[in-house]
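Okay, everyone, thanks for coming. Let me put the structure up, and then we'll walk through a sheet and a couple of loops.

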Amino acid sequence: MNCSKYGEKSIILLKLTRGLISFFLLFLLSCQQQEQPPQGPLLEVGQRQLTLQQFNRELQKSYSDISALTDEEQLQFKKQLLKEIIDRELILGEATRLDIQITPDELDAAMAEVRGSYSEEEFTKVLEQTGNTLETWIAALRLRLLTTKVATAAQTSPVQVSDSECKKYYQDHREEFNRPVEIRARQMLFKTRDEANKVHKLLKEGGDFAALAKKYSQSPDRENGGALGYFSAGQLPAEFDAVLFKLPVRQFSDPVESPYGFHLFVVERKRKAGLRPYAAVKDEIAELLYQQKEETAFHLWLENLQETTETHIHWELLQPQSLQ
């Protein structure tokens, strides 16, 4: 691929977390020893089975309370979850057949990449804010890595993106590359206003913002001198925008209060609105097209797996009493 991802760690984190949890929430449950109630399994996917009791536990985790829904609506929720479980079991079955596993080192490396400069405690708090736990996130990440390995092993030819495809996408989707006004800034975070004022005084005396951020800031981005990268209005909290987009370049702000504490900001550069040139976005386009091709190939592979794997669903076990 001759055509770089662009985005903040927090955006990547939120996207990744949401995407993983919605599809792979209960990987750990699927690995537990299968239970066999008297009525037999609800689902059989190849050699893998899922009991009604296990399904109900997964339903409870995915949708905490569906009792207020009609019987028909409840059945639709159950059918959707069952479809997701079938896909998951197909992938796990292929991983077993191909003897594909995720090593502890691979899992640790993936966790470190996603977590970035966040400490484990800070990262756990972010997950809790999205309604998830570290345990379920790790389980989902493990299955995502396993899925990638299985899909790669199943590919008959490598995915490629040409420069001509990138150029065509740019020409056909120019509106996507209209850039609003953007600024590049740094920040420092403190627990109290007094702490912020002390560093603010050091800045007035000629202190370097990045160096002071590394020494005094309490934000995870302190290791990078408080660098926030480029962003446009609306990507950060409103109280940040109200200061940053009025702040002259190379001038630092007074302490700004937010729910997180007290901040100091400096704007390093402002970019005017306009069409981003092809040279600046070709790697971004290539990555997008590559992901689209990979996703298409994966779904075709999964559809073929669905067609060639014997699957039995005992629908009568899912029917509410009123619909039986």
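So, in what order do the four strands of the open sheet run? They go β5-β4-β7-β6, and the pairing is antiparallel. Strands here are DSSP E runs of at least two residues, helices are H or I runs of at least four, both numbered from the N terminus, and two strands pair if DSSP finds at least two bridges between them. At the edges stand β5 (227–232) and β6, each with a single partner strand, so one side of each has no neighbour in the sheet. From one strand to the next, the twist averages 40°.

Before I go on: this is a predicted model, where local features need pLDDT of at least 70, side-chain atom pairs count only at pLDDT 80 or more, and totals for chains, interfaces and linings use all residues. Residues are numbered from 1 along each chain as its sequence is written, and side-chain values use heavy atoms, with hydrogens and water left out.

Back to β5: it pairs with β4 (residues 182–190) over five bridges, antiparallel. One to click on is I183, whose bridge partner in β5 is F231.

Now the loops. D99 sits between α4 (71–97) and α5 (104–115), and its phi is near 55°, positive without being a glycine. D99 is exposed, at 59% relative accessible area; exposed means over 50%, with a 1.4 Å probe and protein chains only. R250, in the loop between α11 (238–244) and β6 (256–258), also isn't a glycine, yet has a positive phi of about 70°. R250 counts as exposed at 68%.

Definitions and conventions:
Buried means under 20% relative accessible area, exposed over 50%, partly exposed in between (1.4 Å probe, protein chains only). Axes are lines fitted to C-alpha atoms, for helices over the stretch in contact, and angles run from 0 to 180 degrees between N-to-C directions.
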